[in-house]
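Visitor: I am new to protein models. Could you walk me through one?

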Amino acid sequence: MKKLLVIFLLATLGYYTAVTFFDIGFGQPHFVKGVSPVKDIYLAKTQSPLTVSNAVTSIVVNFRGFDTLGEVTVLFLAVTVLGSVLYKNRHEVGKRSVFFSASSIVTSGSKLLFPAIILLGAYVFIHGHLSPGGGFQGGVIIATGFLLMLLAYENYSVSHTALSVVESLAGITFAGVGLLGFMHGGTFLQNFLPTGVMNNLFSGGIIPIIYIAVGFKVGAELTGVIYTVLHEKGESNG
Amino acid sequence: MDSTYFHFLDYAVYGTAVLVMLIGFYGAMVKKSLLKIVIGLSVIDSGLNLLIVAIGYYKGGTAPIFSPGFLEHFKSVSKMVDPVPQALVLTAIVIGFGVTAVALALVIRLYRHHGTLNIDEIKNLKW
Amino acid sequence: MVGTPVLFIAIPLMAAFLMPLLGMIWKELVRIVPGLVLTYLLILAINLLDHVLVHGPIIEVIAGWVPPIGINLVFNAFSGFLVTLMIFLGLLVWAYSYRFKRNVDYEPALKYFLMLMMLITGSVGIVLTGDIFNMFVFIEITSISAYGLTAFYKGRNSAEASFKYVMMGSIASTFLLLAIMIIYSQLGTLNMADIARKIHLMNPTLKIVSYIFFVTALGIEAEIFPLNGWAPDAYAEAPGPVGAAFAGIVVKAAVYAIIRYTYTIFDLSGSFNFLILIGMITLIIAETAAIRQEKLKRMLAYSSIGQMGLVLVAFGFGTKEGVFAALFLMLNHAITKSLLFFSGSYLVYNSTEKNITEVNGMSKYLPITSLLFAIGAFAIVGLPPFAGFWSKLSVMTAAADSNMILIMVLVLMVSVIELVYYLRVVNRIYFFKKEENTQPQKPTVNALVVMLILGAAILLIGFYPDAVTGILHKASATLVDKGQYIHNVLSLK
Amino acid sequence: MIYFILIAILFLLMIASSVYAVIQKDLLYAVMATGIISLILSILYFLLQAPDVALTEAAIGVALTTIIFVITIRNTVRMEDESDKKEKFKSAVK
């Protein structure tokens, strides 16, 4: 009975959503006649004055940089909530409860791959304003590097203090750059650095700085998420 | 390339995305296992993100990146797909991951207390 | 000028990122810093509100891009009033829980105060922002903190209540994103004022569909009737002060979002009746459910849902008087329900079940707390010398002005139901014999001071309603004047 | 033509894996199916000219979400109906 009700509800929802999106249309300009969409302005301003090659980066970090600040806060909070939900008293903290027995091929392979992965992650977030990728992608890649090490080595551990220091410093850099812009230009997150020449590494003003901070922050946060979940002991009945 | 194929594909992108969302909703609302509910929620997210990116796509468009030589070749930005939905999806994916992680942590804690993931046996609170 | 609205977001975020570092230096700092931040923000809010009432709204631009290109924050009489109220309540919640869990480890304390500060920041962001996607981000910040705070206690049920909340919250964010994308795909903008200016160009079907998605999504956060399954559990399982924060801060932000969408963005005159309808259903169902509850906090939660229904009804009149009544109700509800949660959680402090029967005879052991609870109960019902009387009266006047006699009768009937279940509790506190297994807990000094401040506020507004009506009139005038809002935001250069 | 068939296969595979993820009783396989959904999504994002999103989806959806689900399953139960598991749990409590 409940299933029927759910199916009926979902059919209604699906019908209206589908009709709506077929109305909007796919693959052609869909804006109503007479409006000038902001994306045209974004694309124009991305080339100058911002001199950023990747339009998505310029939107994420500059035009809508406030969203990104909120977004890293969401991740920061997710780590906090995770720690709070899975919190155990000091005497309960034991060894890692979950590990996957790894062969020597995996362990030595991980050791070889780990620096390469970290390097790739750093490359992705440093070049975020030039090529696809950026702070989030680079941070996630770094976190997967740590994940690989955590899976390969039973005793591999990441210092909790170091993680939270990196996280805090990166977050303060982001908000601090924003406040510097506030002092310099009168608005939060305003660009106060020379923008350079397009397609150069040193271009885009504060965008690379913010994206590097985001990369460190996301990397530290996601490593923290994995670390917390890995150290959770499930079998006890408390 | 026949244009009717593309016409079919138009419907297919939205159709697939909406269908995946509905399947996720079904899983989240009907299934009894807490983990299944979380899986359903992440399936909903997948469909939703595809839907949003598809809105920004223009036929024959290029990625919104001014690689060297782009402007010499194309002369204008009208060939670029809409970057705004992509930026929004980027945010939405990261937020979705945060929520999924929190939900899974709650699942682990519920299992710690109750020794089961079946919602029929966990329900101490009235719905 | 002492500051700008962006500091309401930037300073708490900065402090939140700093708090883990500060905690390494001196553990007490994680308790002190949120209080300092909130105190500073309260002073800032009062100064800015003062400025705004005289000189007109402040529009803050982010990253140097004027609307509609960039994100903007709007601090006008309406949003400024709500922000001041939220930060004031947030400060009281902080003071109430300052010595909370004194004996536990450092880590939970850090996390509790972090999440509490982010809960307040997120709600303030929802109210201040002038961009629909930015509002989505702030809603997520608020909800994730709320999930964590709901699951803060290690009891058996808190994780379940939180999981329910996560489920509903995820579905809400799905609908919210869908609605945002429908609007973007039509109008090519995400700025509220720009959308409001262009909304008449939109295909009417798409407009209705996106409005319904918005109301569904925000209705989950604002506890509107068929979508409020999470609320009673979350209120009952969260720590006492957090219940007050939910009722006073989070729900207010969600109701604000609904009103902003209905009045400014969509400008749907037809939907005002729809608001009255859902508000009325929410009110009646919640109050009849409240009378059947056996646990004190669940009863307060249902009462809170009912009050939100009444607020929606008042907004639904669509007149300036209606908006005034709704704002007055929101103010009184925020103060009164916080007082009820604060004092109520001391009345059942040491009990595991938190049943209503366990408050029996507490007046002999906790005289001040009991008195304050009684004041709160009478105020929320709307008895004359207290604050709630004036807000209920203004709802009645607004209804009479709109010729809605049926609504007046229904509101009166619901007030009688409220009176019954609150009197039942107050009666138990004062005229029953104490149960043998209950142990009264003396409130800490700071909790007592917080409760006394709230009680004094209720009495002050009760005897001198003019203290707040002036600002409420200005705020409601700001909300109704849609053209001015659009002009203010889009005329920036 | 071949392009059309390939994309149609991707769509069908995506729907099939989401159905599989919802109905499969073995949660580990269900999680793998969500990983496959993310993989297909990231290919589709590339085809829709969104390389940034594709990179994010590949990293978060395929790697991180899947691994967190897997760790949770190792911490809790693997089967959806858990009838045998429950027996063990009850006897352990007694």
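Predicted model: local features only at pLDDT ≥ 70, side-chain atom pairs only at ≥ 80, totals over all residues.

Visitor: Of the five pairs of chains in contact, which share the most contacts?

Guide: Two residues are in contact if their C-beta atoms, placed from the backbone, lie within 7 Å. Chain C and chain D do not touch, with their nearest C-alpha atoms 15 Å apart. Of the five pairs in contact, the most contacts are shared by chains A and C.

Visitor: Which element gives the largest share of the side of chain C that touches chain A?

Guide: This contact takes 50 residues from chain C and 50 residues from chain A. On the chain C side, 34 are nonpolar, 11 polar and five charged. (Ala, Val, Leu, Ile, Met, Phe, Trp, Tyr, Cys and Pro count as nonpolar, Asp, Glu, Lys and Arg as charged, and the others, Gly among them, as polar.) The largest share, 10 residues, comes from α5(C).

Visitor: Which helix gives the most to the side of chain A that touches chain D?

Guide: Here 19 residues come from chain A and 16 residues from chain D. Helices are DSSP runs of H or I, at least four residues, and strands are runs of E, at least two, numbered from the N terminus. Both α6 and α8 of chain A supply at least two residues. The most, seven residues, comes from α6(A).

Visitor: How do α10(C) and α13(C) run relative to each other?

Guide: Their axes, lines fitted to C-alpha atoms over the stretch in contact, lie 7 Å apart at an angle of about 170°. Angles run from 0 to 180 degrees between N-to-C directions; under 35 counts as roughly parallel, over 145 as roughly antiparallel, 65 to 115 as roughly perpendicular and the rest as oblique. The two helices are therefore roughly antiparallel.

Visitor: Which residue in β2(C) stands opposite Glu60(C)?

Guide: Four bridges join β1(C) to β2(C), and the strands run antiparallel. DSSP must find at least two bridges for strands to pair. Opposite Glu60(C) stands Leu73(C).

Notes. Residues numbered from 1 in each chain as written. Chains lettered and ligands numbered in written order.
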